[in-house]
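Subject: Structure for you to look at

Hello,

Here is the structure I said I would pass on. Please open it next to the notes that follow.

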Amino acid sequence: PPFLPSLSWFPQASRCHGRGQPDSRGVLLTDTEPRHSAGIGLETARELARKGWHVTLGCRDLERGEQAAASIRESVGEQARLEVLRVDLSDLDSVWEFADQMRWGRGRLHLLVNNAGIMLAPFGISKQGVEQTFATNYVGPFVLTQLLLPALRRASSREAPARVVMVGSVAHKFPLSERLVMNLPVINNATLYESMPERWRWYGHSKKALNSFVGAVTLLPSLF
(Lines give C-alpha, C1' and ligand atoms only; values in the text may rest on other atoms or scores of the structure.)
Protein backbone atom coordinates (compact mmCIF):
# COMPACT_ATOMS: atom_id res chain seq x y z
CA PRO A 1 0.00 0.00 0.00
CA PRO A 2 1.25 3.51 -0.76
CA PHE A 3 1.25 4.66 2.86
CA LEU A 4 3.72 2.01 4.02
CA PRO A 5 6.87 3.84 2.84
CA SER A 6 6.02 6.50 5.42
CA LEU A 7 6.75 3.89 8.10
CA SER A 8 10.19 3.09 6.72
CA TRP A 9 11.76 5.95 8.70
CA PHE A 10 10.46 4.57 11.99
CA PRO A 11 13.25 2.83 13.94
CA GLN A 12 13.51 -0.73 15.07
CA ALA A 13 12.10 -1.08 18.58
CA SER A 14 15.55 -1.85 19.99
CA ARG A 15 16.65 1.72 19.27
CA CYS A 16 13.97 3.17 21.52
CA HIS A 17 14.93 1.54 24.81
CA GLY A 18 18.28 0.90 26.36
CA ARG A 19 19.65 -2.20 28.00
CA GLY A 20 17.72 -3.05 31.14
CA GLN A 21 15.05 -0.45 30.42
CA PRO A 22 11.31 -1.20 30.28
CA ASP A 23 9.90 -2.29 26.97
CA SER A 24 8.89 0.40 24.48
CA ARG A 25 5.39 0.29 23.15
CA GLY A 26 3.33 1.67 20.32
CA VAL A 27 -0.42 2.12 20.60
CA LEU A 28 -2.56 1.85 17.51
CA LEU A 29 -6.22 2.82 17.78
CA THR A 30 -8.09 1.07 15.05
CA ASP A 31 -11.12 -0.92 14.03
CA THR A 32 -8.99 -3.38 12.10
CA GLU A 33 -10.67 -5.98 9.94
CA PRO A 34 -8.44 -8.86 8.82
CA ARG A 35 -10.40 -9.36 5.59
CA HIS A 36 -9.29 -5.89 4.46
CA SER A 37 -5.60 -6.71 4.00
CA ALA A 38 -4.83 -3.19 2.74
CA GLY A 39 -6.46 -1.41 5.68
CA ILE A 40 -4.33 1.37 7.11
CA GLY A 41 -4.69 0.19 10.70
CA LEU A 42 -3.93 -3.46 10.02
CA GLU A 43 -0.94 -2.75 7.80
CA THR A 44 0.50 -0.17 10.18
CA ALA A 45 0.28 -2.66 13.05
CA ARG A 46 1.84 -5.35 10.88
CA GLU A 47 4.80 -3.18 9.91
CA LEU A 48 5.43 -2.03 13.48
CA ALA A 49 5.30 -5.63 14.71
CA ARG A 50 7.75 -6.58 11.95
CA LYS A 51 10.14 -3.94 13.32
CA GLY A 52 9.96 -5.49 16.79
CA TRP A 53 7.57 -3.05 18.40
CA HIS A 54 5.25 -4.14 21.18
CA VAL A 55 1.95 -3.07 19.64
CA THR A 56 -1.28 -2.51 21.52
CA LEU A 57 -4.32 -2.63 19.27
CA GLY A 58 -7.14 -0.54 20.69
CA CYS A 59 -10.39 -1.78 19.14
CA ARG A 60 -14.09 -1.48 19.83
CA ASP A 61 -14.63 -5.16 18.96
CA LEU A 62 -12.24 -7.46 20.83
CA GLU A 63 -13.06 -10.46 18.63
CA ARG A 64 -12.16 -8.57 15.47
CA GLY A 65 -9.06 -7.22 17.18
CA GLU A 66 -7.89 -10.74 18.06
CA GLN A 67 -8.51 -11.80 14.47
CA ALA A 68 -6.33 -8.92 13.30
CA ALA A 69 -3.60 -9.92 15.75
CA ALA A 70 -3.74 -13.50 14.46
CA SER A 71 -3.40 -12.23 10.89
CA ILE A 72 -0.31 -10.24 11.87
CA ARG A 73 1.30 -13.19 13.66
CA GLU A 74 0.67 -15.36 10.61
CA SER A 75 2.67 -13.00 8.39
CA VAL A 76 5.27 -11.70 10.87
CA GLY A 77 5.75 -14.79 13.02
CA GLU A 78 4.82 -15.85 16.51
CA GLN A 79 7.51 -13.54 17.89
CA ALA A 80 5.24 -10.58 17.09
CA ARG A 81 4.41 -8.80 20.33
CA LEU A 82 0.77 -7.85 20.22
CA GLU A 83 -1.91 -6.99 22.72
CA VAL A 84 -5.58 -6.25 22.10
CA LEU A 85 -7.51 -3.94 24.40
CA ARG A 86 -11.02 -2.59 24.07
CA VAL A 87 -11.63 1.12 23.59
CA ASP A 88 -14.63 2.95 22.18
CA LEU A 89 -13.51 6.43 21.17
CA SER A 90 -17.11 7.69 21.14
CA ASP A 91 -17.39 6.95 24.88
CA LEU A 92 -15.13 9.03 27.11
CA ASP A 93 -15.53 6.58 30.01
CA SER A 94 -13.96 3.94 27.75
CA VAL A 95 -11.24 6.38 26.68
CA TRP A 96 -10.27 7.13 30.29
CA GLU A 97 -10.23 3.41 31.16
CA PHE A 98 -8.01 2.65 28.15
CA ALA A 99 -5.64 5.51 29.00
CA ASP A 100 -5.30 4.25 32.58
CA GLN A 101 -4.38 0.79 31.29
CA MET A 102 -1.71 2.28 29.04
CA ARG A 103 -0.24 4.60 31.65
CA TRP A 104 0.39 2.03 34.36
CA GLY A 105 2.53 -1.11 34.20
CA ARG A 106 2.94 -1.44 30.45
CA GLY A 107 6.38 -0.03 29.77
CA ARG A 108 7.34 3.18 28.04
CA LEU A 109 5.07 4.63 25.39
CA HIS A 110 6.83 5.91 22.27
CA LEU A 111 4.09 6.03 19.68
CA LEU A 112 0.37 6.77 19.50
CA VAL A 113 -1.39 6.27 16.16
CA ASN A 114 -4.93 7.68 16.08
CA ASN A 115 -6.30 5.75 13.13
CA ALA A 116 -9.78 4.67 14.25
CA GLY A 117 -12.77 6.59 12.96
CA ILE A 118 -16.19 6.34 11.37
CA MET A 119 -17.44 7.77 8.10
CA LEU A 120 -20.88 8.55 6.67
CA ALA A 121 -22.61 7.13 9.72
CA PRO A 122 -26.29 7.92 10.26
CA PHE A 123 -27.03 10.46 12.95
CA GLY A 124 -26.48 9.21 16.48
CA ILE A 125 -25.58 10.60 19.89
CA SER A 126 -22.70 9.35 22.03
CA LYS A 127 -22.96 8.42 25.71
CA GLN A 128 -21.73 11.90 26.61
CA GLY A 129 -24.24 13.63 24.32
CA VAL A 130 -22.14 14.41 21.23
CA GLU A 131 -22.97 13.45 17.63
CA GLN A 132 -21.24 10.12 17.05
CA THR A 133 -19.01 11.03 14.08
CA PHE A 134 -17.60 14.08 15.83
CA ALA A 135 -17.31 12.17 19.11
CA THR A 136 -15.40 9.28 17.52
CA ASN A 137 -13.22 11.16 15.05
CA TYR A 138 -12.33 14.20 17.14
CA VAL A 139 -13.44 14.28 20.77
CA GLY A 140 -12.15 10.78 21.62
CA PRO A 141 -8.70 11.19 20.00
CA PHE A 142 -8.43 14.72 21.45
CA VAL A 143 -9.01 13.49 25.01
CA LEU A 144 -6.94 10.32 24.71
CA THR A 145 -3.96 12.13 23.21
CA GLN A 146 -3.95 14.64 26.04
CA LEU A 147 -4.17 11.85 28.62
CA LEU A 148 -1.19 10.01 27.07
CA LEU A 149 1.02 13.02 26.27
CA PRO A 150 2.79 12.94 29.69
CA ALA A 151 3.74 9.27 29.16
CA LEU A 152 4.93 9.99 25.63
CA ARG A 153 7.04 12.90 26.83
CA ARG A 154 8.64 10.77 29.57
CA ALA A 155 9.66 8.16 26.99
CA SER A 156 10.92 10.65 24.42
CA SER A 157 14.60 11.37 23.90
CA ARG A 158 16.79 13.11 21.36
CA GLU A 159 17.85 9.77 19.92
CA ALA A 160 14.33 8.30 19.86
CA PRO A 161 11.64 11.00 19.98
CA ALA A 162 8.14 9.87 20.80
CA ARG A 163 5.45 10.63 18.24
CA VAL A 164 1.72 11.06 17.87
CA VAL A 165 0.31 10.24 14.43
CA MET A 166 -3.14 11.47 13.44
CA VAL A 167 -4.52 9.77 10.34
CA GLY A 168 -6.26 12.42 8.29
CA SER A 169 -8.40 12.49 5.17
CA VAL A 170 -8.68 14.57 2.03
CA ALA A 171 -12.26 15.12 3.20
CA HIS A 172 -10.97 17.86 5.52
CA LYS A 173 -11.01 20.07 2.42
CA PHE A 174 -14.78 19.99 2.10
CA PRO A 175 -16.37 20.45 5.54
CA LEU A 176 -19.72 22.14 5.94
CA SER A 177 -18.09 25.58 6.34
CA GLU A 178 -14.70 27.26 6.12
CA ARG A 179 -14.62 27.66 9.88
CA LEU A 180 -14.82 24.97 12.52
CA VAL A 181 -18.23 24.58 14.14
CA MET A 182 -17.85 23.99 17.88
CA ASN A 183 -21.46 24.82 18.71
CA LEU A 184 -22.90 21.61 20.15
CA PRO A 185 -26.57 22.35 19.30
CA VAL A 186 -25.52 22.72 15.66
CA ILE A 187 -23.32 19.60 15.68
CA ASN A 188 -26.16 17.66 17.31
CA ASN A 189 -28.85 18.82 14.87
CA ALA A 190 -30.20 15.57 13.39
CA THR A 191 -31.71 17.31 10.37
CA LEU A 192 -28.20 18.19 9.12
CA TYR A 193 -27.25 14.51 8.62
CA GLU A 194 -30.11 13.30 6.45
CA SER A 195 -28.35 13.13 3.07
CA MET A 196 -25.04 11.53 2.08
CA PRO A 197 -23.52 14.86 0.92
CA GLU A 198 -24.33 16.31 4.35
CA ARG A 199 -22.69 13.34 6.09
CA TRP A 200 -19.61 13.76 3.91
CA ARG A 201 -19.36 17.38 4.99
CA TRP A 202 -19.69 16.50 8.69
CA TYR A 203 -17.08 13.75 8.29
CA GLY A 204 -14.78 16.35 6.68
CA HIS A 205 -15.54 18.71 9.53
CA SER A 206 -14.39 16.12 12.10
CA LYS A 207 -11.11 15.66 10.22
CA LYS A 208 -10.61 19.41 9.95
CA ALA A 209 -11.05 19.69 13.71
CA LEU A 210 -8.43 16.98 14.20
CA ASN A 211 -6.02 18.87 11.91
CA SER A 212 -6.54 22.00 13.99
CA PHE A 213 -5.69 20.10 17.16
CA VAL A 214 -2.48 18.79 15.59
CA GLY A 215 -1.56 22.32 14.54
CA ALA A 216 -2.15 23.67 18.04
CA VAL A 217 -0.03 20.96 19.68
CA THR A 218 2.76 21.54 17.15
CA LEU A 219 2.82 25.33 17.40
CA LEU A 220 1.95 25.73 21.09
CA PRO A 221 3.20 22.58 22.86
CA SER A 222 3.44 24.36 26.21
CA LEU A 223 -0.35 24.58 26.33
CA PHE A 224 -0.76 20.81 26.32
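In the protein chain, residues 24 or more positions apart account for 77% of the contacts with a separation of 6 or more, where a contact means heavy atoms within 4.5 Å. This is a predicted model, in which local features need pLDDT of at least 70 and side-chain atom pairs count only at pLDDT 80 or more, while totals for chains, interfaces and linings use all residues. Residues are numbered from 1 along each chain as its sequence is written, and side-chain values use heavy atoms, with hydrogens and water left out.

The secondary structure comes to six helices and five strands. Helices (H or I, at least four residues) and strands (E, at least two) are DSSP runs, numbered from the N terminus. In order from that end, the elements run β-α-β-α-β-α-β-α-β-α-α. Of the 224 residues, 46% count as buried. Buried means under 20% relative accessible area, exposed over 50%, and partly exposed in between (1.4 Å probe, protein chains only).

Helix 1 is largely enclosed by the rest of the structure, because eight of its 11 residues are buried. Among them are the charged residues Glu43 and Arg46; Lys and Arg count as positive and Asp and Glu as negative, with His and the chain ends not counted. Just after helix 1, Gly52 has a positive phi of about 90 degrees.

Helix 2 covers residues 62–76. Asp61 caps the N-terminal end of helix 2, with a side-chain oxygen 3.0 Å from the backbone nitrogen of Glu63. At the other end, helix 2 is followed by Gly77, whose phi is positive, near 120 degrees. Which residues of helix 2 are buried? They are Gly65, Ala68, Ala69, Ser71, Ile72 and Val76. Seen down the helix axis, these fall within an arc of 160 degrees, so they line one face of helix 2; the arc is that of the directions from the axis to the C-beta atoms. The buried residues of helix 2 pack against helix 1, strand 2 (54–59) and strand 3 (81–86). The face turned away from the buried side carries the exposed residues Glu63 and Glu74.

Last, look at Arg199 in helix 6 (residues 196–219). Arg199 is buried yet has no salt bridge, that is, a side-chain nitrogen of Lys or Arg within 4 Å of a carboxyl oxygen of Asp or Glu. The nearest side chain of opposite charge, Glu198, is 7.1 Å away. Leaving aside neighbours within four places in sequence, Arg199 is in contact with Leu120, Ala121, Pro122, Tyr193 and Glu194.

Regards

Note on methods. Expected span 1.5 Å × (residues − 1). Polar contact = N/O pair within 3.5 Å; in protein donor to acceptor, adjacent residues only side chain to side chain.
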